[in-house]
Amino acid sequence: MADAVIAAIPPGRHARLIVPRLLQRGEDFTARLLIQHPMETGFRRDDTGKVLPANVIENVVLLFNDELVFRGRVLNALSANPSLSVQLTAQKSGTLSAHWRDQMGNVGSISTEVRVAGA
Amino acid sequence: MPKHAQRRTLLGAVAAAPWWWAAFVGTASAQSSTAGSDALDERVRAAVLVRGGLSLDIPVIVETGTSVPIVLFADPSQLRPGVRVTRLGIIAPKNPRPVALDMELGALMSQARIATNIRLGASQSVTGVALLSDGTVWQQSIAVVLTGSACYDGT
């Protein structure tokens with residue numbers, strides 16, 4: 001039953017965007033994006049020998065208050081359940097958000113609040 | 001022109017721009033439809049590839065290629081004032097798709113540093129690439145020995 005429920009959820013729906021809980025102004029911090037996604041390459045076969053269709057995340061974008069932090073153009077070789085960590089400076093509080101789309105058209109997004117003390 | 005002279009010119013061209021370079025730049029122009037093939041040729045020809053301040057942190061011996069931790073870092077002290085890193089990429093020449101990763105960096109990032117996990121299909125020399133806003137290209141390669149491939153998953 002649980003397996004059936006899990007199988008019904010499209011890939012790329014579950015994600016985490018991890019930032020420190022509270023930051024001081026000017027502090028450097030790491031933002032880590034984790035997406036639960038098989039990143040199927042199209043080169044693997046299942047137990048019956050059938051080729052598993054390719055489905056990797058084609059596009060991912062990370063924004064802070066709608067300003068670009070990074071954009072992934074090619075993510076061919078990222079491992080399953082990819083993780084991407086980048087460095088940012090805490091200037092002001094705001095919203096960090098990530099959006100992505102895979103080859104099968106599944107889209108996902110996640111956002112998290114960045115809290116900077118007194119800003 | 002004597003035959004050896006022709007060959008020398010050809011070798012010179014290859015040394016100036018590695019084989020994967022066109023593919024790497026091509027991924028950019030394929031998505032921004034405004035850049036024509038002339039612009040692409042120009043960028044391939046104009047590229048100056050140096051070691052620069054790019055460091056690539058990846059284990060030299062890897063048990064399985066399905067998830068290999070990698071950190072790309074462009075040292076800011078090696079940048080001239082006013083110049084920033086606009087793109088970071090990874091080339092894995094023996095992967096079925098050699099352009100492994102290509103990330104465009106916005107101005108908000110405090111350091112040109114990306115940490116992630118990649119897949120590798122074979123033992124190979126993994127190359128990191130950083131494009132700077134002044135057109136310079138930094139590259140750094142590390143040979144990685146693999147005991148298990150990510151492509152053939154026991155089947």
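Trainee: In which sense do strands E4 and E7 of chain B pair?
Mentor: This is a predicted model. In it, E4 (residues 68–74) of chain B pairs with E7 (residues 109–118) of chain B in the antiparallel sense, over seven bridges.

Trainee: Which residue is the bridge partner of Ala74(B) in E7(B)?
Mentor: Ala112(B) is the bridge partner there.

Trainee: And what holds strands of a sheet together in general?
Mentor: Strands of a sheet pair through backbone hydrogen bonds, parallel or antiparallel.

Trainee: What is the strand order in the open sheet?
Mentor: The open sheet has six strands in the order E1(A)-E2(A)-E5(A)-E7(B)-E4(B)-E2(B), and the pairing is antiparallel.

Trainee: Why do E1 of chain A and E2 of chain B each have one side without a neighbour in the sheet?
Mentor: E1 (15–18) of chain A and E2 (54–57) of chain B stand at the edges with a single partner strand each, so one side of each has no neighbour in the sheet.

Trainee: How are neighbouring strands of this sheet turned against each other?
Mentor: By 15° on average, direction ignored.

Trainee: Switching to chain A. What is its secondary structure?
Mentor: One helix and seven strands. From the N terminus the elements run α-β-β-β-β-β-β-β.

Trainee: How much of chain A counts as buried?
Mentor: 41% of its 119 residues. Chain A exposes about 6,300 Å², with carbon and sulfur atoms supplying 50% of that area.

Trainee: And what about contacts in chain A between residues 24 or more positions apart?
Mentor: They account for 59% of the contacts with a separation of 6 or more.

Conventions:
Residues numbered from 1 in each chain as written. Chains lettered and ligands numbered in written order. Predicted model: local features only at pLDDT ≥ 70, side-chain atom pairs only at ≥ 80, totals over all residues. Heavy atoms only, no water. Pairing = 2+ DSSP bridges. Helix = DSSP H or I, 4+ residues; strand = E, 2+ residues; numbered from the N terminus. Axes fitted to C-alpha atoms, helices over the stretch in contact; angles between N-to-C directions. Buried < 20%, exposed > 50% of the residue type's maximum accessible area, 1.4 Å probe, protein only. Contact = heavy atoms within 4.5 Å. Areas by Shrake-Rupley, 256 points an atom, 1.4 Å probe, with all protein chains shown as cover.
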